[in-house]
Amino acid sequence: MDSDGIPEDEDICPYNTQEEIAKGVYQTGPQKGCPIDNDNDKVPDYRDGCPQNTPLEISNGVDSQGCPLSALAENSKRRMGRATLNPTAK
Ligand SMILES: [Ca+2]
Ligand SMILES: [Ca+2]
C-alpha cells in the first residue's frame, strides 16, 4: 500500500516509494499507479538521468540511468581492448 492516491485494487504498483510518487505515477492506463516513464525507455522518471530521450536514442540503448549509451561512449571515448599486444600474433 502506498500513498499515490490510486485505490489499492486498481494500483498496479501498490508499493511505490515516496521518491517515485514525488515524480508522479500514471493516473490511468495499464500502468496505473506505477512510476511515470516519460520517454518510454523503461527507466522510470524518478531515476532517469535523461528523461527526454528520443525514440532513436532509446532504440540504440540506454544505460541504467536512462541515458543513451551512444552519448556516454562519446563522452568518455573509453578505449576498449587490451594494452598488451601479443608479439607473436599472426
Ligand atoms: Ca524514462
Ligand atoms: Ca531516459
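Trainee: Hi! How many helices and strands does the protein chain have?
Mentor: Hello! In this predicted model, the chain has three helices and zero strands. Read from the N terminus, the elements go α-α-α.

Trainee: Thanks. What percentage of the residues counts as buried?
Mentor: That would be 17% of the 90 residues.

Trainee: And what share of the contacts with a separation of 6 or more comes from residues 24 or more positions apart?
Mentor: Those pairs account for 8% of such contacts.

Trainee: Let's switch to Lys 32. Where is it found?
Mentor: Lys 32 sits in the loop between α1, residues 18–23, and α2, residues 55–59.

Trainee: Why does Lys 32 count as partly exposed?
Mentor: Because 16 other C-beta atoms lie within 10 Å of Lys 32, and partly exposed falls between the cut-offs of 12 or fewer for exposed and 20 or more for buried.

Trainee: Which residues does Lys 32 touch, leaving out those up to four places away in sequence?
Mentor: Lys 32 touches Ile 6, Glu 10, Asp 11, Ile 12, Tyr 26 and Gln 27. Glu 10 is 22 residues away along the chain, with 7.1 Å between its C-alpha atom and that of Lys 32.

Trainee: New topic: what is phi of Asn 40?
Mentor: Near 65°, a positive value in a residue that is not glycine. Lys 42, also not a glycine, has a positive phi of about 80°.

Trainee: Where does Lys 42 lie?
Mentor: In the loop between α1 and α2. Asn 40 lies in the loop between α1 and α2 too.

Trainee: Is Asn 40 buried or exposed?
Mentor: Asn 40 is exposed, because it has 9 other C-beta atoms within 10 Å. Lys 42 counts as exposed as well, with 10 C-beta neighbours inside 10 Å.

Technical notes. Residues numbered from 1 in each chain as written. Chains lettered and ligands numbered in written order. Predicted model: local features only at pLDDT ≥ 70, side-chain atom pairs only at ≥ 80, totals over all residues. Helix = DSSP H or I, 4+ residues; strand = E, 2+ residues; numbered from the N terminus. Contact = placed C-beta atoms within 7 Å.
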